Amino acid sequence: NSDPETMPEEPSGFGKARVPGFSQENGVLYNYDKTELVLYGDGNENTSFSVPDGVTAIWSLAFCGSVYLENIYVPDTVNFIGSTAFGGCEKLSEVRLPNGLKEISAGLFSGSLIREIRIPDGVTKISENAFEYCDNLESIYIPGSVKIVEKNAFYECPSLKNVYCGLLSKDRLGIEIEEQGNETVKNANYVFKFQIQTLGSN
């Protein structure tokens, strides 16, 4: 069983899929015991997909270029999603992320159609290029656990207007947002925790 922190970050890692020790189910490639989703396959024409319970890691580039995929459900058993895992999924508009996630990896949703997304509590970093070219992204929930938003994380996100934040006020933001390519998220309308609670009580 691979250590998620040392899993391959490059397409060459998929060469291992052609040797014994991997398994396939409905055209989706997993490691032998199906705890890691290796490759969804850009030829898969399904519009929705639920990652099976028991999967703990999704490899880098696993869904990259899956142009038919519109929504995906990721269960709470998953605690690692590699870089650009959903990059180039140009119809992807709805994603449910797992609660055990600690990082939004580099380029994770690059070029997708998502309009809104909730970053799970416990995530500490939104990596570079994570949401670049998400033209339809209008709102995002960023929990108080996030400490850094890396450069170009929200590059070319012209529709981003609202950031719902799991913190009490902008004075206590506590998030380092790197300047380069993050103008839209820095200038968005911030709705803070106490305001969210007030809205929910109405």
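This is a predicted model: local features need pLDDT of at least 70, side-chain atom pairs count only at pLDDT 80 or more; totals for chains, interfaces and linings use all residues.

Colleague: Which residue in β3 is the bridge partner of Leu29?
Modeller: Leu39 is the bridge partner of Leu29 there. Residues are numbered from 1 along each chain as its sequence is written, and side-chain values use heavy atoms, with hydrogens and water left out.

Colleague: Got it. Which way do β2 and β3 run, and how many bridges join them?
Modeller: They're antiparallel, with two bridges between β2 (residues 28–31) and β3 (residues 36–39). Strands count as paired if DSSP finds at least two bridges between them.

Colleague: What about β3 and β5, parallel or antiparallel?
Modeller: Parallel, over two bridges, with β5 covering residues 57–58. Leu37 has Ile58 as its bridge partner in β5.

Colleague: What's the strand order in the open sheet of four?
Modeller: The order is β9-β11-β13-β15, and the pairing is parallel. β9 and β15 (176–177) are at the edges with a single partner strand each, so one side of each has no neighbour in the sheet. β13 (residues 148–149) pairs with β15 in the parallel sense over two bridges, and Ile148 has Glu176 as its bridge partner in β15.

Colleague: Switching to rings. How many aromatic pairs does the structure hold?
Modeller: Ten. Rings of Phe, Tyr and Trp (its six-membered ring) pair if their centres lie within 6.5 Å; planes under 30 degrees apart are stacked, over 60 edge-to-face, and the rest tilted.

Colleague: What does the pair of Phe63 and Phe86 look like?
Modeller: That one is tilted, at 5.2 Å centre to centre with 35° between the planes. The pair links distant parts of the chain, 23 residues apart: Phe63 is in the loop between β5 and β6 (71–73), and Phe86 is in the loop between β7 (80–81) and β8 (94–96).

Colleague: Is Phe86 buried or exposed?
Modeller: Phe86 counts as buried, at 0% relative accessibility. Buried means under 20% relative accessible area, exposed is over 50%, and partly exposed is in between (1.4 Å probe, protein chains only). Phe63 is also buried, with a relative accessible area of 0%.

Colleague: And why is the pair of Phe86 and Phe109 called stacked?
Modeller: The ring centres of Phe86 and Phe109 are 5.5 Å apart and their planes are at 15°, so the pair is stacked. Phe109 lies in the loop between β9 and β10, so its pairing with Phe86 ties together parts 23 residues apart in sequence.

Colleague: Which residues form the aromatic cluster?
Modeller: Tyr40, Phe49, Phe63, Phe86, Phe109, Phe131 and Phe154 form one cluster.

Colleague: Where is Ser110?
Modeller: Ser110 is in the loop between β9 (103–104) and β10 (116–118). Ser110 has 15% relative accessibility, so it counts as buried.

Colleague: What does its side chain make a polar contact with?
Modeller: The side chain of Glu132, at 3.0 Å from that of Ser110. A polar contact is a pair of N or O atoms within 3.5 Å; within protein, one must be able to donate a hydrogen and the other to accept it, and residues adjacent in sequence count only if both atoms are side-chain atoms. Leaving aside neighbours within four places in sequence, Ser110 is also in contact (heavy atoms within 4.5 Å) with residues including Phe86, Asn129 and Tyr133.
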